[in-house]
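Morning, everyone. I have one structure to go through today. Please look at it on the screen while I talk.

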Amino acid sequence: MADLSNDSPPLPSGSTVPLPPTPVHPAIQAALDADHLRLLEIGFYISGVMTAIRFIWFLLIAFFFLIGGVSAFFAAHHAGNGSPENVPPAVIFFIFAAIFGVIIFLTLIFAGLEIYAGRCLKDRRHPVLIQVIAAFYCISIPCGTALGVFTFMVLNRPSVKSLFAQSEIAPGEP
């Protein structure tokens, strides 16, 4: 008769051996993947809208810098006998307005990319674009970091990778 004894050292008292993870039924895994991708899609849409709303804030700041620059320009040129050296140079206001104009432009581009990434999640396309947007989310602490990390966790599952691979192979894609 064979010896069935275990030659490994005994476990310390009170400790248990962790059980291996039980495999999930493919139908349940597909439902979980679909639900998680839908939640990520909603998160991307909400973040895109919030970024677009942030655009309004930058637009107001740029508008005030433009008004300050125009009023400084007119005050310096129409001071008459007054002392124009007390008026700040208008160029500074225009430089700040231009900087905020660039920020506005980049904010609108990123908002559009966020909404497009949400659409790509729905259509199961462009996983690399979605991961690049998720990497930018990780900079925005705490909510953006959570959305970015969850995006990486979901998109790195083998079952989700196969969903994206199937949609790229599917015929009739526009």
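A residue is called buried when its relative accessible area is under 20%, exposed when that is over 50%, and partly exposed in between, using a 1.4 Å probe and protein chains only. By that rule, 24% of the 174 residues of the protein chain are buried.

This is a predicted model, where local features need pLDDT of at least 70, side-chain atom pairs count only at pLDDT 80 or more, and totals for chains, interfaces and linings use all residues. Residues are numbered from 1 along each chain as its sequence is written, and side-chain values use heavy atoms, with hydrogens and water left out.

The pLDDT is the predictor's confidence in each residue, from 0 to 100. Its mean over the protein chain is 81, and 81% of the residues reach 70 or more. Where pLDDT is low, the predicted coordinates should not be read in detail.

Now the elements. The protein chain has five helices and zero strands; these are DSSP runs, numbered from the N terminus, with at least four residues of H or I for a helix and at least two of E for a strand.

Take helix H3, residues 127-137, which has the highest mean pLDDT among the elements, 93. Its buried residues are Ile-130, Ile-133, Ala-134 and Tyr-137. They lie on the same side of H3, because they cover an arc of only 105° around the axis, taken from the directions from the helix axis to the C-beta atoms.

Last, Glu-41, in helix H1, residues 26-77.
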